[in-house]
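Me: I would like a close look at one part of this model. Please keep it brisk.

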Amino acid sequence: MKAARNKLAIAAILLAGAAMLIAPQFLKNYGVYLLSYWLVFIIATMGLNLTVGYAGQKSLGHAAFFGIGAYTVAILMKAGFSFWLGLPAAALLCFVVGLMLGFPALRVQAIYLAFATLGFNIAIWLVMRNEEWLTGGTFGINNIARPALFGLSLEGNRPYYYFVLGVALLMAALLWGLLRSPWGKAFTALRDNPIRAESLGVDIRSYTLLSFAIGAAYAGVAGALFASLVQFIEPAPFAVGASIMMYLMVVVGGAGYFWGPVLGAAVGVVLPEWLRDVPGVAAWYLPMFGAAVVLLMIWLPDGLLSLPDRLRARRASREASAARSAAAQNLGAAR
Amino acid sequence: MADFLQLFFSGLATGSIYALAALGFTLLWQASGTINFAQGEFVMLPAFMLLGFMALGAPMLVSFVMTLLLAVLLLGWVFKRGVVDPLFKYGMMPIVVATIGLSIAMRNGVRAGYSAEAHPFPSLFADKLFNIAGVTVTLQDIGTFGLALVIVLATQAFLAKTVTGRAMQAVAQNTESASVLGINVPRMIFYTFAINAVLAVAAALLVTPTYLAKFDMGEGLGTKAFFAAIIGGFNNSRGALLGGLIVGVCENLAAAYISPAYKDAVALVIFMVVILFKPQGLLGKKVERKV
């Protein structure tokens with residue numbers, strides 16, 4: 001039963017992968033751009049899913065890392081450095097800043113941590129908006145070039161899409177491996193019961209810091225790809241609202257489900273972007289989304305991907321109760 | 001010195017509005033463990049309700065009473081029954097996420113359904129300046145501070161002196177013992193939600209004349225109220241007043257003497273210092289972690 005389900009899952013993944021590979025052939029330029037946009041947010045929210053979903057740290061400052069990644073690449077490229085230096089620099093810088101942000105997390109928990117990270121996001125956003133010499137302020141930075149790989153230009157939307165897809169698959173594989181390693185187990189132990197984890201010898205201090213730092217590095221990579229994708233960055237997409245949206249994407253998809261971010265990013269950024277020009281729908285998308293989040297919390301607090309588990313649990317309990325009543329009847333008949 | 005005092009007084013006025021929102025926030029937390037991320041929108045919505053009633057031709061006082069009733073119904077009763085009650089059993093985070101969703105729905109609902117513009121809002125106080133020993137203060141500032149202070153102190157007196165208020169405090173401190181003592185726990189919790197709605201209407205009435213009614217006015221206000229509540233002490237309702245005033249005054253002084261561009265970071269810096277050195281807040285009591 002379980003093996004069959006695993007086979008089914010692998011087949012579904014292969015099918016989805018194939019669809020992602022050939023999809024650009026059937027899409028116009030804007031469609032390809034939108035797919036790349038989706039992948040960028042999948043990478044970012046994968047990192048947040050590690051911090052929030054697997055390690056249980058309530059972070060409301062993820063867009064700040066996304067922004068740090070984007071600005072790092074943009075500023076380095078404007079200074080004449082290559083994208084291939086900017087990308088690892090963005091990831092590394094975010095990792096370090098993530099480590100530093102992890103320190104308050106050692107002192108405070110849950111809602112205090114949420115506000116501390118939210119405050120961190122406000123601070124970073126203020127720097128992006130006010131330090132014009134570095135970030136261009138509200139005018140932002142424009143004409144960010146797309147890189148070339150082995151002499152192959154990624155300037156067009158289609159080649160860039162394949163590049164982003166490649167990075168997304170690599171990051172997903174890394175996360176998959178990480179979660180199956182002892183580190184992954186330590187993260188979930190930290191989430192489920194930090195005091196028990198500590199008494200079992202998990203160094204909760206290091207793992208809390210690491211969960212922030214690795215999640216932040218994912219956002220840094222995503223931000224770097226984002227800067228080159230949209231080619232113009234300004235402070236707005238990295239404000240607190242964006243962090244809150246990313247948090248909702250993780251929760252809506254299913255925090256702690258590996259594929260949650262794929263679904264969450266689709267609902268959180270791709271759908272509204274796609275519906276942007278539809279009159280009547282565009283203005284009401286966010287109100288409906290907000291209301292849907294409230295209803296989802298009431299009916300399915302573990303996110304959309306918990307639905308199969310929920311149905312399975314319900315069926316199991318129904319079967320168990322049917323078996324019990326049948327057994328009771330048999331007992332009655334035997335008597 | 002005159003400049004300093006002037007900034008100080010107008011900071012007190014802003015701070016007292018933060019205190020109103022922060023007080024509602026801490027009361028909800030104490031009574032029901034609800035962290036309301038939509039607190040800023042709870043202030044924004046009554047402002048638009050009042051404008052709506054006045055647009056229908058109702059006089060100011062009638063509009064105010066109707067707004068108060070509608071706010072208690074929607075932001076008190078419907079919010080409690082529809083959002084908080086079903087989620088209570090899952091713990092804190094689902095309520096946080098649901099109220100985040102609610103804030104997005106309210107903010108963008110007003111934007112899509114009413115208007116994305118900023119609307120002028122009638123002031124309770126005449127446009128008048130006072131000059132006391134070289135310090136100029138507006139009647140708006142004095143009135144705002146005075147009225148907000150009266151409302152906060154009246155709420156505290158209600159909680160400390162009346163039987164109902166003391167029952168509400170008992171529920172906040174220990175729900176089980178309170179119900180053993182024959183206190184109607186669900187009703188007391190509803191009263192808290194109703195008081196929160198009333199405080200939000202009061203804050204809307206005081207803040208909107210200066211900052212105008214706009215769909216996103218709750219965003220900054222809500223965040224400041226959270227910070228103020230935590231700075232003062234999350235489990236102490238006097239803390240909300242202290243935290244609100246500290247944030248309002250420091251913000252105003254920092255904008256004038258340090259940098260107006262970084263004004264919004266002031267609440268944040270104080271908040272960070274407080275949670276790093278005294279996580280329970282300036283007036284809060286320490287809560288030990290449980291296994």
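In which kind of crossing, left-handed or right-handed, does helix 2 of chain A pass helix 7 of chain A?

Reply: The crossing of helix 2 of chain A with helix 7 of chain A is left-handed. Keep in mind that this is a predicted model.

Start with the geometry. Two packed helices are described by the angle between their axes and the distance between the axes. Here, helix 2 and helix 7 (residues 157–180) of chain A pack at about 20 degrees, and their axes are 9 Å apart. Angles under 35 degrees count as roughly parallel. So helix 2 of chain A is roughly parallel to helix 7 of chain A.

Now the residues that touch. Helix 2 of chain A contributes, among others, Val32(A), Leu39(A), Ile43(A), Met46(A) and Tyr54(A). From helix 7 of chain A come residues including Tyr161(A), Val164(A), Ala168(A), Met171(A) and Leu179(A). By class, this contact has 20 nonpolar, 3 polar and 1 charged residues.

Helix 2 of chain A also meets helix 8 of chain A. Helix 8 covers residues 182–192, and its buried residues are Ala186(A), Phe187(A) and Leu190(A). They lie on the same side of helix 8 of chain A, because they cover an arc of only 100 degrees around the axis. What do they pack against? The partners are helix 2 (29–54), helix 9 (194–199) and helix 10 (204–230) of chain A.

Next, look at where chain A touches chain B. The contact takes 29 residues from chain A and 31 from chain B. On the chain A side, helix 4 (83–107), helix 5 (110–130), helix 11 (240–253) and helix 13 (281–299) each give two or more residues. Helix 13 of chain A supplies the largest share, 11 residues. The chain A side has 25 nonpolar, 3 polar and 1 charged residues.

Helix 3 (residues 60–87) and helix 8 (residues 185–211) of chain B have axes that come within 8 Å and cross at roughly 135 degrees. Helix 3 of chain B and helix 8 of chain B are therefore oblique to each other. The crossing of helix 3 of chain B with helix 8 of chain B is right-handed. In helix 3 of chain B, the contact residues include Leu68(B), Val72(B), Leu75(B) and Phe79(B). Their partners in helix 8 of chain B include Phe190(B), Phe193(B), Ala197(B) and Val201(B). This contact divides into 13 nonpolar, 3 polar and 1 charged residues.

Finish with two loop residues. Most residues other than glycine have a negative phi. Leu212(B) has a positive phi, near 65 degrees. Its place is the loop between helix 8 and helix 9 (217–232) of chain B. Leu212(B) counts as partly exposed, because it has 14 C-beta neighbours inside 10 Å. In chain A, Asn143(A) has a positive phi of about 55 degrees and is not a glycine. Asn143(A) sits in the loop between helix 6 (132–135) and strand 1 (148–149) of chain A. With 9 C-beta neighbours inside 10 Å, Asn143(A) counts as exposed.

How values were computed: Residues are numbered from 1 along each chain as its sequence is written. Chains are lettered from A and ligands numbered from 1 in the order in which they are written. This is a predicted model: local features need pLDDT of at least 70, side-chain atom pairs count only at pLDDT 80 or more; totals for chains, interfaces and linings use all residues. A residue is buried if 20 or more other C-beta atoms lie within 10 Å of its own, exposed if 12 or fewer, and partly exposed in between; C-beta atoms are placed from the backbone. Helices (H or I, at least four residues) and strands (E, at least two) are DSSP runs, numbered from the N terminus. The arc is that of the directions from the helix axis to the C-beta atoms. Two residues are in contact if their C-beta atoms, placed from the backbone, lie within 7 Å. Ala, Val, Leu, Ile, Met, Phe, Trp, Tyr, Cys and Pro count as nonpolar, Asp, Glu, Lys and Arg as charged, and the others, Gly among them, as polar. Axes are lines fitted to C-alpha atoms, for helices over the stretch in contact, and angles run from 0 to 180 degrees between N-to-C directions. Angles under 35 degrees count as roughly parallel, over 145 as roughly antiparallel, 65 to 115 as roughly perpendicular and the rest as oblique. A crossing is left-handed if the near helix is turned anticlockwise from the far one by less than a right angle, and right-handed if clockwise.
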